[in-house]
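Welcome, and thanks for taking a look at this model. The report starts with a strand and its partners, then turns to a pocket.

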Amino acid sequence: MGRPIRLAVVDDDPLVRAGLRILTGGSPDIEVVAEAGDGAEAVRVAEAHWPDVMLMDVRMPRVDGLVATRRIRERPHAPQVIVLTTFDVDEYVLEALRGGASGFLLKDTPPLEILAAVRTVAAGAAILSPTAIRRLIDHVADPAASTRRAGARTRLAALTDRETEVAVLVGGGRSNAEIATGLRMSLPTVKGHVSRLLTKLDLNNRVQIALLVHDAELL
């Protein structure tokens, strides 16, 4: 990137924000440029400070992290968003991912892993492993599953057979290199397919491809 990653921290707990600022203090490649205590303030911060990445709490007063993530990611040149969650009690992470978040971190994630996640997302990748996706999907009750299935299959029907194959492999958590090997394609060809998937399906990142494939029950 050639400059420090610009990070904004969004959490209604001042101690959490202070801890994350201290955490990044020893990393010359990450700089906290702004903080926010709720989702409404997070939207303003995104517009005013142009961070590269935002660490977003979910449960906050006034405007929660789900709404804030959706509003932020709808804008052009939006920062990447990593959702912070306590997992065992938070039932809304899946909606944040559908809203454009690039992944999630548990609040007890080791500090070095938080820094690594920020770097990964700033580079344009998601931070959800296949195991994490399965845990989320298994954990979150989805009363609208049948409706989502029909909608997802309608959207995926616009893809070519090869694009569908790539989408399913993305949904299974395969990397571009693994997809290239499995389908006997070059890496640039796979990247081109993934880019077209995002454009055709009007999605922000690979996590949303995975969620759409899950909704369509193609895994």
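## Strand pairing

Two strands are taken to pair if DSSP finds at least two bridges between them. Strands (E, at least two residues) and helices (H or I, at least four) are DSSP runs, numbered from the N terminus. This is a predicted model, where local features need pLDDT of at least 70, side-chain atom pairs count only at pLDDT 80 or more, and totals for chains, interfaces and linings use all residues. Residues are numbered from 1 along each chain as its sequence is written.

Strand S1 (residues 5-10) runs parallel to strand S2 (residues 30-36), joined to it by 6 bridges. Arg6 has Glu31 in S2 as its bridge partner. Between S1 and S2 the chain passes through helix H1 (residues 14-25), giving a right-handed β-α-β crossover (clockwise from the first strand over the helix to the second, with the strands pointing away from the viewer).

S1 also runs parallel to strand S3 (residues 53-57), with 4 bridges joining them. There, Leu7 stands opposite Val53. Of the 6 residues of S1, 5 are buried (under 20% relative accessible area, 1.4 Å probe, protein chains only).

## The largest pocket

A pocket here is an open set of points on a 1 Å grid over the protein atoms alone, where a 1.4 Å probe fits, with protein on both sides within 12 Å along at least five of seven lines; lining residues have an atom within 4 Å of a point. The largest pocket is lined by 17 residues, and Arg98, Arg155, Asp202, Leu203 and Gln208 lie nearest its centre.

Helix H3 (65-73), helix H7 (145-156) and helix H11 (206-215) each supply at least two residues of that lining.

Note on methods:
Side-chain values use heavy atoms; hydrogens and water are left out. Buried means under 20% relative accessible area, exposed over 50%, partly exposed in between (1.4 Å probe, protein chains only).
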